[in-house]
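Here are my notes for someone opening this one for the first time. Have a look at the picture, then go through the points in order.

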Amino acid sequence: MRHLAPMLLPFVLLAACQDKLADPRGVARDEVLLQVSAAGRTDSRPDEARFTAGVETIEGSATAASAGNSRKMNDVVAALERLGIKADDLQTQRITMHRMDHGPNQGRFQAHNMIEVRVRDIRRAGDVIAAVTGAGANVLSGPNLTVSDPESASRSAYAQAYKAARARAEAYAQAAGLKVARVLVIRDEGGGGPSPYSYDANMSVSAQTVSPPPPPPMRPGITTSEVRVRADFALARD
């Protein structure tokens, strides 16, 4: 028994200190932890458009299909450059070549060349689409209408989400006879900026256009950003 007392002493001291250990959640002993999730939304108007334009060419040989396709595609790019579309806003998406084994063009070769076009001034999108079809583009997809600065568009949504979380915490606290003493943690639970709006214009355009077509109507409309946050509050008595 003489040797047990020194061995028990550290355990007694540890037990005495446990009441003073900090709560890993950040609340004090006389506080209540409340975790709240809330959403925030904000509307913004798209200011740029992206669409895919291309050329489909069918010829009797792969060489002829490739040469004809490249010639027409160069005309399309030249039309875009004349409208002031910069090289950084043109990106090749797909180049394909294949032999057609079925249908009326069996045995001939089909070539595709597709580029994505970014129009930084959405008011010009209709004119740009008209220009590429007038230059010989016979495949067109899009446009996707987007906000050029989605982070700025979503900041207001995050502010609204936190305000909603705080208001909910205040309501809980009042119902329980408590008050919001401190904000412990604010977490971003995701969401995102405005979702691109895709104008339903996937179509094939005749390459035999004699005069430039009129610009298609463009309606940018409104896009909505929705985000969620989670906030941890410490509630205490008044």
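1. Among contacts in the chain between residues at least 6 apart in sequence, 85% join residues at least 24 apart; a contact here is heavy atoms within 4.5 Å. Bear in mind that this is a predicted model, where local features need pLDDT of at least 70 and side-chain atom pairs count only at pLDDT 80 or more, while totals for chains, interfaces and linings use all residues. Residues are numbered from 1 along each chain as its sequence is written, and side-chain values use heavy atoms, with hydrogens and water left out.

2. For the overall layout, count 4 helices and 9 strands. Helices (H or I, at least four residues) and strands (E, at least two) are DSSP runs, numbered from the N terminus. Along the sequence they come in the pattern α-β-β-α-β-β-α-β-α-β-β-β-β. Of the 238 residues, 33% count as buried, where buried means under 20% relative accessible area, exposed over 50% and partly exposed in between (1.4 Å probe, protein chains only).

3. What sits inside? The largest nonpolar core has 21 residues, and Phe 51, Leu 80, Val 117, Val 128 and Val 132 have the most contacts inside it. Strand E2 (48-59), helix H2 (62-82), strand E4 (109-119), H3 and strand E5 (139-146) each give two or more residues to this core. By nonpolar core I mean a set of buried Ala, Val, Leu, Ile, Met, Phe, Trp, Tyr and Cys residues joined through side-chain atoms within 4.5 Å. Another core, of 11 residues, lies apart from it, and includes Leu 34, Val 36, Leu 178 and Ala 231.

4. Leaving out residues up to four places away in sequence, Leu 80 touches Ile 85, Leu 90, Ile 115, Val 117, Val 128 and Val 132.

5. Next, go to Ala 125, in helix H3 (residues 125-134). Is Ala 125 buried or exposed? With a relative accessible area of 0%, Ala 125 is buried. Beyond its neighbours within four places in sequence, Ala 125 is in contact with Ala 49, Val 119 and Met 218. Met 218 is 93 residues away in sequence, yet the two C-alpha atoms are 7.4 Å apart.

6. Helix H4 (residues 150-175) passes a simple length check: at 1.5 Å a residue its 26 residues should span 38 Å, and its end C-alpha atoms are 38 Å apart, which agrees. That expected span is 1.5 Å times one less than the number of residues. The buried residues of H4 are Ala 153, Ser 154, Ala 157, Ala 161, Ala 165, Ala 169 and Ala 173. Just after H4, Gly 177 takes a positive phi of about 75°.

7. Now the charges. There are 11 salt bridges in the whole structure, each a side-chain nitrogen of Lys or Arg within 4 Å of a carboxyl oxygen of Asp or Glu. Asp 89 pairs with Arg 120, their closest N and O atoms being 2.9 Å apart. Asp 89 counts as buried, at 7% relative accessibility. In H4, Glu 170 and Arg 166 are separated by about one helical turn because they are 4 residues apart, and they form a salt bridge with closest N and O atoms 3.0 Å apart. Glu 48, Arg 50, Glu 116 and Arg 118 are linked in a salt-bridge network.
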